[in-house]
Amino acid sequence: MARRPEGQVLERHWKSGRGYALRFRAYGERQYLTLGLEIDGWDRRRAEEELANVMADVRRGIWTPPARRARRAGAAEAADAMPTFDSFARSLMAARKGEMSEANYAYKENALAHILPYFGDWPLREIDIQAVDAFRGHMVEVSEARRRARESGEPMRNDWGQALRPLSPATINKTIDTLQWVLSVAVEYRYIAENPAAGRRRRLRATRPAPVHLDSVEQIATLLEAAGQLDRDKYWLTNDRRPIIATLLLAGPRAGELCNLRWRDVDLANGRIRIGRSKTQAGLREIVLLPLLRDELSAHKARAYRHGPDDPVFPTGTGGHRDKDNLRNRILASAVKRADKLLEERGQTPLPHGVTPHKLRHTFASILIATGEDPASVMAQLGHTDPKFTLRVYTHIMRRGSAERAQLKALVNGDPVELTELAVSERQ
């Protein structure tokens with residue numbers, strides 16, 4: 001069983017005078033850290049405070065051993081005229097705060113929480129390819145330490161008491177992407193000549209997760225049916241799961257786009273949804289309402305307590321806006337669990353593992369292709385600029401037989417002949 005981080009303050013008597021140091025365990029190893037002398041302002045109280053700070057960083061998995069902070073000899077002279085990574089990155093984030101979305105800003109902040117403890121006091125010019133590779137290795141070590149701690153039953157925790165999970169190769173690569181972004185601006189400002197974090201060799205090899213598709217009539221109809229059952233169950237306070245999941249399946253909005261959807265964005269008369277708040281310029285788009293979704297949203301609006309132009313289409317029980325965590329954990333997860341139970345009872349294949357609101361965008365792409373939409377239209381309605389995703393989905397759906405694609409088309413067009421009896425009863 002892994003030991004919890006622990007440490008002590010040591011009082012030392014050196015030739016230069018009395019001083020203080022720390023001894024503690026971090027990442028499964030004994031560590032020793034010299035602090036300084038009394039003549040430099042160190043006393044036991046300050047040493048105890050520093051120990052508490054170090055232990056907090058160790059628990060978060062962001063403490064960096066002193067050996068990894070070593071500089072190349074002779075770099076001190078250039079350091080005075082060169083900003084440190086910490087000062088440059090913080091000033092860059094402050095300057096760009098109003099120029100990027102809140103989600104992108106939060107993403108870069110989270111990445112910098114890993115980068116700053118390692119590179120914070122490095123002058124920009126000292127960060128070279130070798131240093132970036134060492135940082136990547138450090139991140140792998142942090143991930144392994146978290147994994148071992150979780151397996152021991154005593155996971156590392158952050159300041160809010162949440163258990164820290166191991167870092168995937170994709171997460172580590174995204175952190176290096178943020179490092180590359182900061183250094184790319186340093187190149188533009190001519191602090192450094194080239195970007196040492198650029199290039200595939202600076203990243204870990206990460207496998208692409210298998211795509212998740214719900215492209216059979218049975219799976220889509222059963223997920224909608226399960227959501228409708230939960231809506232009628234008095235145990236669950238939410239009663240709009242079915243229209244929410246229908247919108248995810250049949251319009252393909254991102255989680256944030258759905259949570260911010262207002263009734264002025266839904267044109268039931270002309271069969272359109274306008275996405276006016278998105279994380280990308282391409283995301284600002286119109287989506288054509290499929291007949292089944294049009295019926296679902298019409299019924300939902302008729303039941304809605306508030307349906308003014310600026311009212312949210314899918315509010316929380318208190319009338320506020322949902323967030324992506326609420327959407328994933330309180331809406332979709334329970335519907336998926338109920339759908340799997342129904343499919344199991346009927347001897348049918350359960351839903352694929354890993355169904356999330358974002359993965360249902362794959363389903364929407366499959367539906368558009370099955371109903372005869374061309375790739376350019378699919379890209380426009382998804383809010384994509386890269387055709388690779390659309391072509392992957394197109395290749396997948398074309399492996400289905402023509403009869404299966406015809407069933408899928410009939411389902412979303414609201415043809416009751418092709419739906420299961422239970423799915424039909426849900427819509428009546």
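Select helix H8 (residues 241-251) and helix H12 (residues 360-370), which pack with their axes 6 Å apart at an angle of about 55°. Helices here are DSSP runs of H or I with at least four residues, numbered from the N terminus. Axes are lines fitted to C-alpha atoms over the stretch in contact, and angles run from 0 to 180 degrees between N-to-C directions. The angle makes H8 oblique to H12; under 35 degrees counts as roughly parallel, over 145 as roughly antiparallel, 65 to 115 as roughly perpendicular and the rest as oblique.

Show side chains next. On H8 the contact is made by Leu-248, Leu-249, Leu-250 and Ala-251, and on H12 by Leu-360, Thr-363, Phe-364 and Ile-367 (contact means heavy atoms within 4.5 Å). By class, this contact has 7 nonpolar, 1 polar and no charged residues. Ala, Val, Leu, Ile, Met, Phe, Trp, Tyr, Cys and Pro count as nonpolar, Asp, Glu, Lys and Arg as charged, and the others, Gly among them, as polar.

This is a predicted model, in which local features need pLDDT of at least 70 and side-chain atom pairs count only at pLDDT 80 or more, while totals for chains, interfaces and linings use all residues. Residues are numbered from 1 along each chain as its sequence is written, and side-chain values use heavy atoms, with hydrogens and water left out.

Now select helix H3 (residues 85-96) together with H6; their axes come within 10 Å and cross at roughly 90°. That makes H3 roughly perpendicular to H6. H3 brings Phe-85, Phe-88, Ala-89, Leu-92, Met-93 and Arg-96 to the contact, and H6 brings Leu-179, Trp-181, Val-182, Leu-183, Val-185 and Ala-186. These divide into 11 nonpolar, no polar and 1 charged.

Colour the model by pLDDT, the predictor's confidence in each residue, from 0 to 100. The mean for the protein is 82, and 85% of its residues reach 70 or more. Among the elements, helix H6 (residues 169-188) has the highest mean pLDDT (95) and helix H16 (residues 421-427) the lowest (40). Select residues 417-428: pLDDT stays under 50 there, and the model has 22 contacts for them beyond four places in sequence. Over residues 70-80 pLDDT also stays under 50, with 11 such contacts.

Finish with helix H10 (291-303) and helix H11 (324-345), each of which supplies at least two residues of the lining of the second largest pocket. H11 gives the most, with 3 residues.
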